Amino acid sequence: MSSAYFWELDESTFAAAWLIKKVADTKRGLKEGGWDGVHVFEVSDGGKKSGTARYKLTSTIILSMTTESAATGTCEMAGTNTKQVENDMPFDESVSHVINMGTMLEAMETALRLDIQGV
């Protein structure tokens, strides 16, 4: 499931929040689990004349899971990870803000997943 919200901060800046919820498959002893991604953008655009915009992304991942086995009983684990990145990216009629934000969001989710994969 996902939701996206956009709002204006001033004449040349807007913000967006992308909320993503993933429910884990119950495999290999996993009783339940989930991944919640909260991605907040601040986009400052220099206008169509400049053709570039600054994208500031702050992402937080909230991970939770419960395992259950005869050997260990019930084990619950939860945690968060937050990262921030800024990029100047081009935009025009063929490359929109949504495409740029989507590209950054996917890269950030991949990086955060790799950070916590070993845990």
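Buried means under 20% relative accessible area, exposed means over 50%, and partly exposed lies in between. Keep those cut-offs in mind for this tour. The model on your screen is predicted.

**Stop 1**

Select E109 and K22. Their side chains form a salt bridge, with the closest N and O atoms 2.9 Å apart. E109 sits in helix α1, residues 97-117, and K22 sits in strand β2, so this pair ties together parts that are 87 residues apart in sequence.

Is E109 buried or exposed? Its relative accessible area is 8%. The cut-off for buried is under 20%, so E109 is buried. K22 has a relative accessibility of 41%, so K22 counts as partly exposed.

Side chains of opposite charge can pair when their charged atoms come close. A search of the whole structure finds 6 salt bridges. Two more stops show others.

**Stop 2: from strand β3 to strand β4**

Now select K31 and E68. Their side chains meet in a salt bridge of 3.7 Å, N to O. K31 belongs to strand β3, residues 30-45, while E68 belongs to strand β4, residues 52-69.

Check their accessibility next. K31 comes out at 45%, so K31 counts as partly exposed. E68 has 43% and also counts as partly exposed.

**Stop 3**

R54 lies in β4 and D88 lies in strand β5, residues 73-90, so the pair ties together parts that are 34 residues apart in sequence. R54 is partly exposed, at 37% relative accessibility. D88 reaches 52%, so D88 counts as exposed.

Which residues share this network? Salt bridges with shared partners join R54, E86 and D88 into one network.

**Stop 4: aromatic rings**

Clear the selection and look for rings. The whole structure holds 3 aromatic pairs. Start with F6 and F14. This pair is tilted, with 6.5 Å from centre to centre and 35° between the planes. F6 has 43% relative accessibility, so F6 is partly exposed. F14 has 19%, so F14 counts as buried.

Keep F6 and select W18. F6 lies in strand β1, residues 2-10, and W18 lies in strand β2, residues 13-23, so the pair ties together parts that are 12 residues apart in sequence. W18 is buried, with a relative accessible area of 18%.

Ring pairs link F6, F14, W18 and F41 into a cluster.

**Stop 5: a buried alanine**

Move along strand β2 to A16. How much relative accessible area does A16 have? The value is 0%, so A16 is buried. A16 and H39 are 23 residues apart along the chain, and their C-alpha atoms are separated by 8.1 Å. Draw a line between those two atoms to see the separation.

**Stop 6: a nonpolar surface patch**

Switch to a surface view. Select Y5, W7, L9, L19, V38, V40 and I62. Together they make a nonpolar surface patch of about 570 Å². Strands β1 and β3 each supply at least two of its residues. Which strand gives the largest share? That is β1, with 3 residues.

Zoom in on L9, which is found in strand β1. L9 has a relative accessible area of 45%, so L9 is partly exposed.

**Stop 7: a negative surface patch**

Finish with the charges. Select E8, D10, E11 and E42. These four form a negative surface patch. E8 is found in strand β1. Is E8 buried or exposed? At 67% relative accessibility, E8 counts as exposed.

**Before you close the viewer**

Show E109 and E8 together. E109 is buried at 8%, whereas E8 is exposed at 67%.

How values were computed
Residues numbered from 1 in each chain as written. Predicted model: local features only at pLDDT ≥ 70, side-chain atom pairs only at ≥ 80, totals over all residues. Heavy atoms only, no water. Phe/Tyr/Trp six-rings, centres within 6.5 Å; stacked < 30°, edge-to-face > 60°. Buried < 20%, exposed > 50% of the residue type's maximum accessible area, 1.4 Å probe, protein only. Helix = DSSP H or I, 4+ residues; strand = E, 2+ residues; numbered from the N terminus. Patch = residues over 30% accessible without salt bridge, like charges linked within 9 Å, V, L, I, M, F, W, Y side chains within 5 Å. Areas by Shrake-Rupley, 256 points an atom, 1.4 Å probe, with all protein chains shown as cover. Lys, Arg positive; Asp, Glu negative; His and termini not counted. Charge placed at Lys NZ, Arg CZ, Asp CG, Glu CD.
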